[in-house]
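Please read them with the coordinates open.

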Amino acid sequence: MDSAIKEQLIVAGYNTIFILALVIGIGLLLNTFKMKILDLLCKLFGKKVGEFMVNRLTFIGVIHHELSHAFMALICGAQVTEVSIFKFKGDTLGNVKFIPRGPKMFRDLQMCFAALAPAICGISTLYLMSYFINMRCDLVWWEWIILIYIELSVLLHMTLSKVDIKAAFRGMFTTLTIIYIIFFFTKFNFVIELTEMVKSFKIKV
């Protein structure tokens, strides 16, 4: 096998694994972080106040979370049948119901991307907001407060539950195969690009 092709296969492989680990890792880590914050606030202020602060005061994040599921399912071709927000049931704040459609490959993509949507859309939203902040150097104090509040709300709710992970794995093999093929033929190195972007990114204060 040609050494260049072999290297391309390896690069595509570790980029595929890195993206999977990044999205799932962030989603699970933030889920743990949110539970720790909730537990702390409940101990300090009581259960009702703690839950209000984490789940209702950050309502923008709850809306973002549920609409992320619906948006990703929709653009991947699924039929969204229900979007419920602030529908409390155990640790659940809402839910999105959809019907996968099309050939198995499309259904797998719909299941996987819809399940991981809060983390994917959350990362995208926070990046775009940070980019906006970076482009502006004339923000006044109340604009900073609003932006920080929105970012914290999104951050607290771009979590992945066990149900999300279980649903994602139903279509994981197909999704990773397609991502791998894209990386291989485009020769795009996501890890290097992300590293360079982080190095060059500076928040203007």
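1. Is C112 buried or exposed? C112 is buried, because its relative accessible area is 2%, where buried means under 20% relative accessible area, exposed over 50%, and partly exposed in between, computed with a 1.4 Å probe on protein chains only. C42, in contrast, counts as partly exposed because its relative accessibility is 21%.

2. Basis of the values. This is a predicted model, in which local features need pLDDT of at least 70 and side-chain atom pairs count only at pLDDT 80 or more, while totals for chains, interfaces and linings use all residues. Residues are numbered from 1 along each chain as its sequence is written, and side-chain values use heavy atoms, with hydrogens and water left out.

3. Overall layout. The protein has 8 helices and 2 strands, taken as DSSP runs numbered from the N terminus (helices are H or I, at least four residues; strands are E, at least two). Along the sequence the order is α-α-α-β-β-α-α-α-α-α. The C-alpha atoms fill a box of roughly 65 × 45 × 30 Å along the principal axes. Of the 205 residues, 36% count as buried. For contacts (heavy atoms within 4.5 Å) with a separation of 6 or more, residues 24 or more positions apart account for 69%.

4. Cysteines. How many disulfides are there? The count comes to 0, a disulfide being a pair of cysteine sulfur atoms within 2.5 Å. For C112, the nearest cysteine sulfur belongs to C76 and is 9.0 Å away.

5. Largest nonpolar core. The term denotes a set of buried Ala, Val, Leu, Ile, Met, Phe, Trp, Tyr and Cys residues joined through side-chain atoms within 4.5 Å. The largest such core has 12 residues: V23, I24, M111, C112, A115, L116, A119, L160, I165, A167, A168 and M172. Two or more residues each come from α1, α4 and α6 (162-170), and the largest share, 5 residues, comes from α4. Leaving aside neighbours within four places in sequence, I165 is in contact with I24, L28 and L160. As background, nonpolar side chains tend to be buried together in soluble globular proteins.

6. Second largest pocket. Its volume is about 580 Å³. Pockets are found on a 1 Å grid over the protein atoms alone: a pocket is an open set of points where a 1.4 Å probe fits, with protein on both sides within 12 Å along at least five of seven lines, and lining residues have an atom within 4 Å of a point. Grid points are joined across faces, edges and corners, and the volume is the space filled by probe spheres set on the points. Of the 25 lining residues, those closest to the centre are I19, L22, V23, I120 and F190. The elements giving two or more residues to the lining are α1 (3-45), α4 (104-135), α7 (172-186) and α8 (190-200). The largest share, 9 residues, comes from α4.

7. By class, the second largest pocket is lined by 23 nonpolar, 2 polar and no charged residues. Here Ala, Val, Leu, Ile, Met, Phe, Trp, Tyr, Cys and Pro count as nonpolar, Asp, Glu, Lys and Arg as charged, and the others, Gly among them, as polar.

8. M72. This residue lies in helix α3 (residues 59-75) and counts as buried because its relative accessibility is 9%. Not counting residues up to four places away in sequence, M72 touches F113, A114, A117, I120 and C121. M72 and L57 are 15 residues apart along the chain, and their C-alpha atoms are separated by 25 Å.

9. Y127 lies in helix α4 and counts as partly exposed because its relative accessibility is 36%. The C-alpha atoms of Y127 and E151, 24 residues apart along the chain, are separated by 9.9 Å. I179 is in helix α7 and is buried, because its relative accessible area is 18%. I179 and Y127 are 52 residues apart in sequence and 21 Å apart, C-alpha to C-alpha.

10. K187. Where is K187 found? K187 is in the loop between α7 and α8, and is exposed because its relative accessible area is 61%. The phi of K187 is near 60°, a positive value in a residue other than glycine. Most residues other than glycine have a negative phi.
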